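The exercises below are to be worked with the sequence and the model at hand. Each task is followed by its solution.

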Amino acid sequence: MTYYEKKPVKKFYEKELEDYRDSIWGCARCNWCQNQWGWNVKSAEYSEICPAFHEFRIFPYSGMGKMHIARALLEGDFDYEDAPEIVKFIYTCTTCGACEMNCQRMQDKEPLQVNETLRAQLVRDGVGPMPEHKGLIKSVKNYDNPWMQPRTQRDRWAKKLEIKDVNKEKAETLFFVGCTVAFDNTQWHVAQNTARIMLDAGTDLGMLGKKEICCGSPVARIGDRETFIALATRNIELLNSTGAKEIVTFCPGCYRSLNYDYKEIPGVPELKPKIYHTSEYYDRLIKEGKIKFKNGQKKCVTWHDPCHLGRHCGIYEEPRNVIKAIPGIDLVEMERIKDQAWCCGGGGGARTAFMDFAQKTAVKRIGEAKKTGAEAIVTSCPFCEQNIGDAMSSLDEEMEVLDLTDLMINAIEK
Amino acid sequence: MTAKKNKVIQKKLSREAFNALKNVVGENWIYEERSVVETYSKLSIEGGSFVKKHEKDPHVLPACVVLPASTNETQAIVKICNRYQVPFIPFTNGQVFCNPTNQQPTLIIHFSRMNNIIRIDTQNMSATLEPYVDYAQLQSEAMKRGLWNGGTPLATTLCKLSSQFAFAGLWQTDLKYGLFSRNITSVKMVLPDGEILTTGSRCMPKAGDFWEYGPGPDLMGLQRAGVGTNGIVTEITVKLHAWVGEESFPEIPAGRPSLAHVHDAKYDNPPAPLKNHKLLWMEFEDLDTQLKAMRQIAHSGIAIGLNATGVYSAFYCSQTQEMTVNRCKEHFFPDWNCYVILVNSTSDKQIEYEEGILREIIAEVGGTFLSETHKPEVLEALKPWNYDCIRHSTGYRMNRKCYANAWLPAGPLENAKTTSREWKKALDTFGELDITDRGGADDTPFIYALQRGHFCLFETDNYPDPVLPEELKKAQAYGIYGAAVFAKNNLGPQLMAFVNVEPFTTMFPETGPNANLFMRKIRKVFDPNSVASPGRQVFTEEEWQQFPGEVKAAVNKMRQMNDMPEVQ
């Protein structure tokens, strides 16, 4: 396929490496996939953006390196037997999308899509994913969640909360809780805060409870398209059947899947409800006067943009608006934010397979946050909170990692 | 996986050499895995590199990649290369050097671990850098201190300054501060035999960084633009100049893009140039008027930058490939134009004064400023240059399929006409590879006015399809043809190494017909074992003898055209 040849219109989840041939060959080695966008660079220390290249310093870890590996595989210059190490390179990527962001701005090419397509090829060929990911896939298939937890435990966090069960009665707004918050009891408070905030604001809120299933994001990111498409198909049918007008989710992985990934699957019905991230929803409720804050707490915080929420989906301002609306909270910014945010290291299966790398990446983010003088890193992603939280514990820092709702819940006027 | 075609097999270093290298850097910083060396092989913006990949040439694959952390480690690596006769290539981004190969297994020395700014001397206005430091890093640190490096490269700000030294180094803002190569006060190099050379005033340790020449012969001049042949830069000290703008770039009004909306035009819409800076665009009715205006502006002493852009603005300022092509077809951007960067560096009224002079020149020569009343939509579309003029490749896009040959002759301004004419002739004869090739023929070539306009650099390019070998070969042929054209028309030397076949670099009468022989003698002194940067710039007699007969014949034919003796 040549560069200007009219290409068949394909959705992402039906694309093969061949569909990216021109892009792969055209990689100009400009190296923007490893670095902050030029006009956003404020210091040498924080001028890089690819966590894997930053740590390992060789090109196969960068977006550009993946393009070169893809080219060689595509043209048969080597195969898996010659280069078994590629599995490590391809999976030591947090899918943060920084490479694709800058490449799209500069060269109009798709290193992240190429890497995710490489992952799909590795899975299909039985070479990938990493051994550590196999349990996750099995769990999703057997339990509809990646945490090997029984379905019956999914709504334990919601005891004593009066949330409608949409399996029994209709609700205008469906809370898609997400597997991590639902099963990890250290994160239950996020789900509980979310429900309380929305119920107090008068939202007609329902949830699927034990019937909720994984959005498929974890398996999509590690390249198991078959399992992802099966989950997405089930989810679309299930969610449409609830009759909810809108879905609110806290997890950026769920948000991206429901809002963008499902549209990239060929031949599945449209997901009808409008999808909101909780920060978007809170911002709206604040603007409508349905959430009001009281004075009280004093804290200096910095916002960490989760990659799949910010860079992937463009939710930058809404969480910041929420923080700024809370009296006494002082928001200070890190150098690398929004489209140029430094990843926490926890995404794309990297934390599952390469914990040390994920933790080192989080430590770098904490260092950047500390330089702002903030007392807390606030974010809104279960994986960021886990990964940065673990790194913070290992550092024995006084700095906190807070969920956006942690700030809100104590400040809401009741 | 589908059935495979022929594999490309890498060569390996001897175990003795590999283990010796491993002992220097440790096992975590040496690689010979097949996929690792692959990522150091297909380079960019040089058609030959692509063609060799299409042809599955195994010689483009290095054998091993090693990452030193210091000058001492680099020295140890180079000494091992001499001991075991291992050719080596110093490597940063890998954007220009093509074909990092030799017949023997070749070592890549990648400097990504040496990425520190060693010091910034605010009082004496200089900065000392490790080889992997790029322009964006240096500028961001210098700007905080009221300083900057004086220019932005004709490539992305991710260019490493050490690499730019190897290519002489051109800036967009060369009008005031001169070439990058004139802004270096010292380099520390590991020579091909492993000795360490410090040049410039720093070779007297207590003298400090104040001039580039040092005592005795100008050794820096010998090393400059050596394309890595004569040594590896492990420290470079550069001049800094006063900076009168903000400490960092302001946010664009539209906010930040996301992957979901990255192609929206609003994200290519930065605010006005930085504080105390002004960017003015002019258009002209023809190339003669444009050149006349540029000459007068350059000689008047105003401004820090003066350039003309042709097809490049269509790349830089368009959101998609399709938009780029349409704007080329429609001649959306002025065919004959230039832009001027004014800076308020000494007085609050300096910009006002310089703009007054500029307007007088344009009124006298004939030309029109782009403004709110004259082509405001074009001025709006050119906004990415507001930042690009100071930190290149930050505001723009590069929507083109593949950049695989450039003509980059230098000379006085009027040479723009010859460049344009010859480029048009070449396109009409051989055919264009893309409509965007017409840039420089149907409109102005890119013109960079350097050093107060004493000379200029012109640029015209080919954009072949990277998946089509026949187009890539055609782009290569344009490059070789270009070298002959330059020689025939006395267009001056190419300042970059797109045609990195050594005899071509000596095609130019001002260099002297036998300069290649002189350089070969020098190389023998610096590189007695012939291990440094094989295939670059200066060949040994043995390497030259290995050249295909048709290449030698073509080179000598071109030399004959210029009354030059045959290459021996």
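**Exercise 1. Chain A as a whole**

How many helices and how many strands make up the secondary structure of chain A? Then decide whether the radius of gyration of chain A agrees with that of a compact globule or departs from it.

Solution. The model is a predicted one. Chain A has 18 helices and nine strands. For 414 residues, a compact globule would have a radius of gyration near 22 Å; the value for chain A is 21 Å, so the two agree. The C-alpha trace of chain A spans about 65 × 50 × 40 Å along its principal axes. Of the 414 residues in chain A, 61% are buried. Among contacts in chain A with a separation of 6 or more, 78% are between residues 24 or more positions apart.

**Exercise 2. Two helices of chain A**

Find how H3(A) and H6(A) are oriented to each other, and list the residues that make their contact.

Solution. Two packed helices are described by the angle between their axes and the distance between the axes. Step one is to take these values: the axes of H3(A), residues 63-75, and H6(A), residues 111-124, come within 9 Å and cross at roughly 50°. Step two is to classify the angle. Roughly parallel requires an angle under 35 degrees and roughly perpendicular one of 65 to 115, so H3(A) and H6(A) are oblique to each other. The crossing of H3(A) and H6(A) is left-handed. Step three is the contact itself. H3(A) contributes Gly63(A), Met64(A), Lys66(A), Met67(A) and Ala70(A), and H6(A) contributes Pro111(A), Leu112(A), Val114(A), Asn115(A) and Leu118(A). Sorted by class, the contact of H3(A) with H6(A) has seven nonpolar, two polar and one charged residues.

**Exercise 3. The surroundings of H5(A)**

How many residues of H5(A) are buried, and against which helices do they pack?

Solution. Nine of the nine residues of H5(A) are buried, so this helix is largely enclosed by the rest of the structure. The buried residues are Ala98(A), Cys99(A), Glu100(A), Met101(A), Asn102(A), Cys103(A), Gln104(A), Arg105(A) and Met106(A). These residues pack against H3 and H6 of chain A. Just after H5(A), Asp108(A) has a positive phi of about 60°.

**Exercise 4. The interface**

How many residues of chain A are in contact with chain B, and which element of chain A gives the largest share?

Solution. On the side of chain A, 58 residues are in contact with 62 residues of chain B. Helix H1 (21-25), H3, helix H4 (86-91) and helix H5 (98-106) of chain A are the elements that give two or more residues to this side. The largest share, six residues, comes from H3(A). By class, the side of chain A that touches chain B divides into 23 nonpolar, 16 polar and 19 charged residues.

**Exercise 5. A helix pair of chain B**

Are H1(B) and H4(B) roughly parallel or roughly antiparallel to each other?

Solution. The axes of H1(B), residues 15-25, and H4(B), residues 71-84, come within 10 Å and cross at roughly 170°. An angle over 145 degrees counts as roughly antiparallel, and H1(B) and H4(B) are therefore roughly antiparallel. From H1(B) the contact takes Glu16(B), Ala17(B), Ala20(B), Leu21(B), Val24(B) and Val25(B); from H4(B) it takes Glu73(B), Ala76(B), Ile77(B), Ile80(B) and Tyr84(B). The contact of H1(B) with H4(B) has nine nonpolar, no polar and two charged residues.

**Exercise 6. Backbone details in loops**

Where do Lys338(A) and Gln85(B) lie, and is each buried or partly exposed? Which residues are joined by a cis peptide bond?

Solution. Lys338(A) is in the loop between strand S7 (329-331) and helix H15 (350-353) of chain A, with a positive phi near 55°. Lys338(A) counts as buried because it has 22 C-beta neighbours inside 10 Å. Gln85(B) is in the loop between H4 and strand S3 (88-91) of chain B, with a positive phi near 60°. With 13 C-beta neighbours inside 10 Å, Gln85(B) counts as partly exposed. The cis peptide bond joins Gly128(A) and Pro129(A), with omega about 0°. Pro129(A) lies in the loop between H6 and helix H7 (131-143) of chain A.

Key:
Residues are numbered from 1 along each chain as its sequence is written. Chains are lettered from A and ligands numbered from 1 in the order in which they are written. This is a predicted model: local features need pLDDT of at least 70, side-chain atom pairs count only at pLDDT 80 or more; totals for chains, interfaces and linings use all residues. Axes are lines fitted to C-alpha atoms, for helices over the stretch in contact, and angles run from 0 to 180 degrees between N-to-C directions. Helices (H or I, at least four residues) and strands (E, at least two) are DSSP runs, numbered from the N terminus. A crossing is left-handed if the near helix is turned anticlockwise from the far one by less than a right angle, and right-handed if clockwise. Two residues are in contact if their C-beta atoms, placed from the backbone, lie within 7 Å. Ala, Val, Leu, Ile, Met, Phe, Trp, Tyr, Cys and Pro count as nonpolar, Asp, Glu, Lys and Arg as charged, and the others, Gly among them, as polar. The radius of gyration is taken over C-alpha atoms; the globule rule is 2.2 Å times the number of residues to the power 0.38. A residue is buried if 20 or more other C-beta atoms lie within 10 Å of its own, exposed if 12 or fewer, and partly exposed in between; C-beta atoms are placed from the backbone.
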